[in-house]
Amino acid sequence: MEKQMTETLEAIYDKCMANEDNIITILQEIQSKIGYIQEEAVNWFSERTNIPPSKFYGVVTFYSQFHQNPRGKNIVTVCCGTVCHVKGAPRVISKVREDLKLKEDQDTTKDMLFTLERVNCVGACSIAPVVLINEKVLGKVTPSKIVKSLKDYKG
């Protein structure tokens, strides 16, 4: 394990143990500092705390806030709820995939600039279909509108 990674994990451990934090908080800290829940980090914490890795992964897989793979700098979240689906979310997703040159099994661009995610509902049915880019909400999105919006994030 790299020295920098060990130092990061030690700092998280010290902070979480001092606050008597739970597994969720530990995982939130790991994700915040590393960007995702890395297997190496889970194993390190498992050994250090005598908590089986399965307990960590049970939490990771239960809560959608946790990610086990690196994510892009910009997160494109497409609502796939019923109203958004009916109003064109699948066409928007197709256009995003095409524009970002994402293969069928890819959700993150090779340059790590974008990650495409789908969620069940964002609770904004009145402006469906809805897309979030990072935390910016875009309503009544069309395939051409999403391409224009993504240009602002391409640097």
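Which residue in E3 does Val78 stand opposite? I looked this up first, and Val78 stands opposite Val131.

Ground rules. I am working on a predicted model, where local features need pLDDT of at least 70, side-chain atom pairs count only at pLDDT 80 or more, and totals for chains, interfaces and linings use all residues. Residues are numbered from 1 along each chain as its sequence is written, and side-chain values use heavy atoms, with hydrogens and water left out. Helices (H or I, at least four residues) and strands (E, at least two) are DSSP runs, numbered from the N terminus.

Strand E1. I checked the pairing of E1, counting two strands as paired if DSSP finds at least two bridges between them. E1 and E3 (residues 131-133) are antiparallel, over three bridges. E1 and E2 (residues 114-119) are parallel, over six bridges, and Cys79 has Val119 as its bridge partner in E2.

I then checked burial (buried: under 20% relative accessible area, 1.4 Å probe, protein chains only). Six of the six residues of E1 (residues 74-79) are buried. Asn74, Val76 and Val78 point one way, and Ile75, Thr77 and Cys79 the other. In a regular strand the side chains alternate between the two faces of the sheet.

Cores. I took a nonpolar core as a set of buried Ala, Val, Leu, Ile, Met, Phe, Trp, Tyr and Cys residues joined through side-chain atoms within 4.5 Å. The largest has 24 residues, and those touching the most other members include Val76, Val78, Val131 and Leu150. E1, H6 (89-100), E2, E3 and H7 (143-151) each give two or more residues to this core. H6 gives the most, with five. Apart from it I found another core, of 18 residues, including Leu9 and Phe66.

Conventions. Buried means under 20% relative accessible area, exposed over 50%, partly exposed in between (1.4 Å probe, protein chains only).
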